[in-house]
Amino acid sequence: MTNEHTLTAPPTTAASKLGRWWSRADIRLTALFFVLIALCAVGYATRPDAFLTEGNISTVLRLAAAIGVVSVGMTFVISAGGIDLSVGSIVALSSVWMTTWATQSYGAGVMVLCALLVGAGCGLVNGLLVAYGRVVPFIATLAMMASARGLAERISGRQTQVVDAPGFGALLKGHLLGVPVLVWIFAIVFVAGWVLLNRTTFGRRTLAVGGNAEAARLAGINVRRHTALVFALAGLCCGIAAIMVVARTTSGASTNGLFYELDAIAAVVIGGTLLSGGRGSMGGTLLGVLIFTTLSNVFTLNNLETDIQNIAKGVIIVLAVLVQARSRRRADSP
């Protein structure tokens, strides 16, 4: 007689795996939210006279806006199994190129277009080197990091270029419904990125390429073209961030975007996007950006050195990667 228990053993289905993944993702986002709340509590406890003021909150949001836009692009790159070390240098080059005297003479519209084209162009070069040149992303973007920063220094003569074009900063430095316009721009980019990653064929292909490039190729995805487009998208985000930085500082400089690659990678990784690719969390990236911006603000308000901030960020990145590795081993185990 057949054992009844052997017939009723619950099989492991795709739906159950998806449910477990969703539960882990939900827990991760909840944990990040409480980390952010804890940082805010520390900030208020250490500087109750300054942390929750309207001016400081506005400063935190403005700083988070530019690095947040860069992090949206970085989420796509890492989800596709790549890495981009050049985002900070691309921001610098875009900001310098859009603020040269020749560019400003054509008006604010051409300045914005120039930043977008320079950013997307640099990202596309990265993508072509990786996809068609078969250069490892780390090496390709490392080369772009050095060359873009060097070109920015060459163009600007290592001098700060002040914006003289009328009307450029007036709108972007203002407020809409009481919220800084720069924050609205970040919100629009974030929503567009979330929809693109989670609700479109482009996003599904990005995760497929990051999960298993060969399987994606066999499924009919043009992996090389898609990889190039992902890097170009990241470059476009850098161009948008450059516009925001110039609007906030009213100048372009080769020093803009310093350590943006560190902040962006850190925000994306602690947000739950796998460094090995195949999984991305735009909501986690948002919380990661807010956590690191708030952390930097707390350090600044308490007059702590910048090097201590960078050490703390490096430690957080390592811990996030270790947690990712442990979580993945648990997920892969039967």
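## Packing of H3 and H14

Helix H3 (residues 54–79) packs with helix H14 (residues 282–301) at an angle of about 140 degrees, and their axes lie 9 Å apart. The structure is a predicted model. The two helices, H3 and H14, are therefore oblique to each other, since only angles over 145 degrees would count as roughly antiparallel. The crossing in which H3 passes H14 is right-handed.

On the H3 side, the contact is made by Asn56, Val60, Leu63, Ala64, Ile67, Gly68, Ser71, Val72, Thr75 and Phe76. H14 contributes Met282, Thr285, Val289, Leu290, Thr293, Thr294, Asn297 and Leu301. Classified by residue type, the contact of H3 with H14 holds 10 nonpolar and 8 polar residues, with no charged residues.

## Salt bridges

The count of salt bridges comes to 3. One of them joins Arg217 to Glu214, with the closest N and O atoms 2.5 Å apart. Arg217 and Glu214 are 3 residues apart in helix H11 (residues 213–218), and so are separated by about one helical turn. Arg217 is partly exposed at 46% relative accessibility, and Glu214 is likewise partly exposed, at 42%.

Arg47 forms a salt bridge with Asp49, in which the closest N and O atoms are 3.1 Å apart. Arg47 is partly exposed, with a relative accessible area of 25%, whereas Asp49 counts as exposed at 55%.

Glu153 forms a salt bridge with Arg158, and here the closest N and O atoms are 3.4 Å apart. Glu153 counts as partly exposed at 28% relative accessibility, while Arg158 counts as exposed at 66%.

Definitions and conventions: Residues are numbered from 1 along each chain as its sequence is written. This is a predicted model: local features need pLDDT of at least 70, side-chain atom pairs count only at pLDDT 80 or more; totals for chains, interfaces and linings use all residues. Side-chain values use heavy atoms; hydrogens and water are left out. Axes are lines fitted to C-alpha atoms, for helices over the stretch in contact, and angles run from 0 to 180 degrees between N-to-C directions. Helices (H or I, at least four residues) and strands (E, at least two) are DSSP runs, numbered from the N terminus. Angles under 35 degrees count as roughly parallel, over 145 as roughly antiparallel, 65 to 115 as roughly perpendicular and the rest as oblique. A crossing is left-handed if the near helix is turned anticlockwise from the far one by less than a right angle, and right-handed if clockwise. Contact means heavy atoms within 4.5 Å. Ala, Val, Leu, Ile, Met, Phe, Trp, Tyr, Cys and Pro count as nonpolar, Asp, Glu, Lys and Arg as charged, and the others, Gly among them, as polar. A salt bridge is a side-chain nitrogen of Lys or Arg within 4 Å of a carboxyl oxygen of Asp or Glu. Buried means under 20% relative accessible area, exposed over 50%, partly exposed in between (1.4 Å probe, protein chains only).
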